[in-house]
Amino acid sequence: MFTKSIRLSGVLAVATGVATWAQPIGIYENFGFVDASKELPIDAESFANYGTFDVFSTLPFDTQNTLNFTNRGIMNGSVGFSFQHIAENGDRGPARNFVNARGGEITAAPPVFESEPSFLLVEAENIINQGRLNVGAGGLIRLTGDEVNLFNAGLEINPIEGTGTI
């Protein structure tokens, strides 16, 4: 009987450890340089970038379980970013807060050619952009929120520029 209770408590300890490990962290912070392709996935309740955050993928970069996004640095993404809340079960909906502070830059670049699509998608209850949001010539900036503050903001769609020889 004693042996069975030890085994059972060992199983419960392992199960509890796995459940705790699978929980999102409180905050993901970057103060330096991050090549996100080496740090995926990010599963955190809050995301804060103060340095340089680069990601290159075939779909817009997103995070798991994130309710609050803050950028005070530089973020570069090819093909872009999707800032919204994605629950454990994959359901998507608005995050609570998205802040691109003064001096913050978020650029969604096309993968190869200027006219190819790039995406900067923000879905949050509160959106504050005092920095710069930028996409390529074939890009899309979509800001969806209950409160959207773009005072002193920069929104930019790059022009198509000719290349080649005469």
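Contact, as used on this tour, means heavy atoms within 4.5 Å. The model is predicted, so local features need pLDDT of at least 70 and side-chain atom pairs count only at pLDDT 80 or more, while totals for chains, interfaces and linings use all residues. Residues are numbered from 1 along each chain as its sequence is written, and side-chain values use heavy atoms, with hydrogens and water left out.

**Stop 1: Phe81**

Select Phe81 and show what surrounds it. Not counting residues up to four places away in sequence, Phe81 touches Phe53, Val55, Pro60, Phe61, Met75, Asn76, Ile106, Thr107, Phe119, Leu120 and Leu121. Phe81 is buried, as is Phe83; buried means under 20% relative accessible area, exposed over 50%, and partly exposed in between, with a 1.4 Å probe and protein chains only.

**Stop 2: the aromatic rings**

Rings of Phe, Tyr and Trp (its six-membered ring) pair if their centres lie within 6.5 Å; planes under 30 degrees apart count as stacked, over 60 as edge-to-face and the rest as tilted. The count by this rule is 10 aromatic pairs. Phe81 and Phe83 have ring centres 5.5 Å apart and planes at 15 degrees, so this pair is stacked.

Phe83 belongs to strand β7 (residues 80-83) and Phe98 to strand β10 (residues 95-100), so the pair links distant parts of the chain, 15 residues apart. Strands (E, at least two residues) and helices (H or I, at least four) are DSSP runs, numbered from the N terminus. Both Phe83 and Phe98 are buried.

Now extend the selection to Tyr28, Phe47, Phe53, Phe61 and Phe69: together with Phe81, Phe83 and Phe98 they form one aromatic cluster.

**Stop 3: the nonpolar core**

A nonpolar core is a set of buried Ala, Val, Leu, Ile, Met, Phe, Trp, Tyr and Cys residues joined through side-chain atoms within 4.5 Å. The largest one has 22 residues, of which Phe53, Phe81, Phe83, Phe98, Ile106 and Leu120 touch the most other members. Elements that give two or more residues to this core include β3 (44-49), β4 (52-56) and β11 (105-108). The most comes from β12, with four residues.

**Stop 4: strand β3**

Select β3. Five of its six residues are buried, so β3 is largely enclosed by the rest of the structure. Two strands pair if DSSP finds at least two bridges between them. Strand β1 (residues 25-30) runs parallel to β3 and is joined to it by five bridges; here Tyr28 stands opposite Phe47. Strand β5 (residues 68-71) also runs parallel to β3, through four bridges, and Asn49 stands opposite Asn71.

**Stop 5: the open sheet**

Next, colour the six strands of an open sheet in the order β2-β4-β6-β11-β13-β16, where pairing is parallel. Its edge strands, each pairing on one side only, are β2 (33-35) and β16 (154-157). Between β13 and β16 there are four bridges in the parallel sense, and Arg132 stands opposite Gly154 in β16.

**Stop 6: Gly93**

Finish at Gly93, in strand β9 (residues 92-93). Gly93 is buried, with a relative accessible area of 14%. Leaving aside neighbours within four places in sequence, Gly93 is in contact with Gln84, His85 and Glu123.
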